[in-house]
Amino acid sequence: MQWLAFAAFPVVAVVCWLYTVSVTRSRFPKLRNKRICLLIAHPDDEAMFFAPTLLALTEPSLGNHVKILCLSSGDADGLGETRKKELIKSGISLGLRKEDDVFIVESPEFQDSMTTTWDKTKIAGLLSSAFAPNLANPMKNKSLDAPTATIDVLITFDKTGISSHPNHISLFHGARHFISQLIHNRPGWNSPVDMYTLTTVSVLRKYTSFFDALLSMCVMIISKKQLGDHPSPLIFLSGPPEVRTAQKAMTDAHKSQMKWFRWGWIGLSRYMVLNDLRLEKITGS
């Protein structure tokens, strides 16, 4: 009987996975008709960490327009031009409408490095020039006018950056600074841009693939919720076809990055299967 229990475990696990996919898609809130920017640090971040988010939000029936803004070409190994092309190919495979929806920044201010922290004010300045040009002339006095921007949602890493990469963590602080600037000296107004961050989990959960799906759904159920036009938290859970699409975004698009350890990541990481995002609460600086 013991061998039968062991044999049945994978079947039960897959059934639970498929059940949680059905529940999360039918009962959890979604973003609809939004202009969305995914802010990443390096080409392949979109596939290794945010594939479930992209695959969910680019579903045509939701009416969202999703773009990717990448703050470096990942040129640490001299492969910048190759990695730019790989990011575009990956983005299209994960649901982006067209190649022009991928923007890649090359600046000495944002060098791909495991030891470099990017300046949050420079990140905020870049986001302002891209999505809120009116911030080019910061207000010294309070204004009654509503803040404006050309996007509705900004998605990026949380304060731990999933892998503790300093470039990832810098995006969190730079994005928060950008949102804070939007509502600075505008009392009574909320930010026109919602900032969502990808939740970092423990190392143990990080490498449990779809086995983490049921636990993540239960955590979401008991979490404090915010509904309406600014829902939080959000969960995007992929089924087997979407997981395979995410894996192919790495193996077929990001070929230059497929070192041995990334094969382990795309096979075991829960971030290839599910993303849980939380809305950041930000006040004007």
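**Helix packing and pockets**

Helix α4 (residues 80-93) packs against α10 at an angle of about 160°, and the two axes are 9 Å apart. Because angles over 145 degrees count as roughly antiparallel, α4 is roughly antiparallel to α10. The crossing of α4 past α10 is right-handed. The structure described here is a predicted model. On the α4 side, the contact involves Glu-86, Lys-89, Ser-90 and Ser-93, which meet Thr-245, Ala-249, Asp-252 and Ala-253 of α10. By class, the residues of this contact between α4 and α10 comprise two nonpolar, three polar and three charged.

Helix α10 also packs against α11. The axes of α10 (residues 240-253) and α11 come within 9 Å of each other and cross at roughly 165°. α10 is therefore roughly antiparallel to α11. The crossing of these two helices, α10 and α11, is left-handed. From α10, Gln-247, Met-250 and Thr-251 take part in the contact, while α11 contributes Arg-262, Trp-263, Ile-266 and Gly-267. Three nonpolar residues, three polar residues and one charged residue make up the contact of α10 with α11.

Empty space in the model was examined next. Rolling a probe the size of a water molecule over the atoms shows where such space is left. The largest pocket holds about 520 Å³ of space. Its lining consists of 21 residues, and those nearest the centre of the pocket are Asp-44, Met-114, His-165, Phe-261 and Arg-262. Arg-262 is also one of the α11 residues in the contact with α10. At least two lining residues of the largest pocket come from each of α2 (45-48) and α11 (260-268). α11 supplies the largest share of this lining, with four residues. Sorted by class, the lining of the largest pocket contains seven nonpolar, eight polar and six charged residues.

The second largest pocket has about 370 Å³ of space. It is lined by 18 residues, with Arg-25, Leu-55, Ala-56, Glu-59 and Leu-237 the closest to its centre. The residues lining the second largest pocket fall into nine nonpolar, five polar and four charged.

Notes
Residues are numbered from 1 along each chain as its sequence is written. This is a predicted model: local features need pLDDT of at least 70, side-chain atom pairs count only at pLDDT 80 or more; totals for chains, interfaces and linings use all residues. Side-chain values use heavy atoms; hydrogens and water are left out. On a 1 Å grid over the protein atoms alone, a cavity is a set of points where a 1.4 Å probe fits but cannot get out, and a pocket is an open set with protein on both sides within 12 Å along at least five of seven lines; lining residues have an atom within 4 Å of a point. Grid points are joined across faces, edges and corners, and a volume is the space filled by probe spheres set on the points. Ala, Val, Leu, Ile, Met, Phe, Trp, Tyr, Cys and Pro count as nonpolar, Asp, Glu, Lys and Arg as charged, and the others, Gly among them, as polar. Axes are lines fitted to C-alpha atoms, for helices over the stretch in contact, and angles run from 0 to 180 degrees between N-to-C directions. Angles under 35 degrees count as roughly parallel, over 145 as roughly antiparallel, 65 to 115 as roughly perpendicular and the rest as oblique. A crossing is left-handed if the near helix is turned anticlockwise from the far one by less than a right angle, and right-handed if clockwise. Contact means heavy atoms within 4.5 Å.
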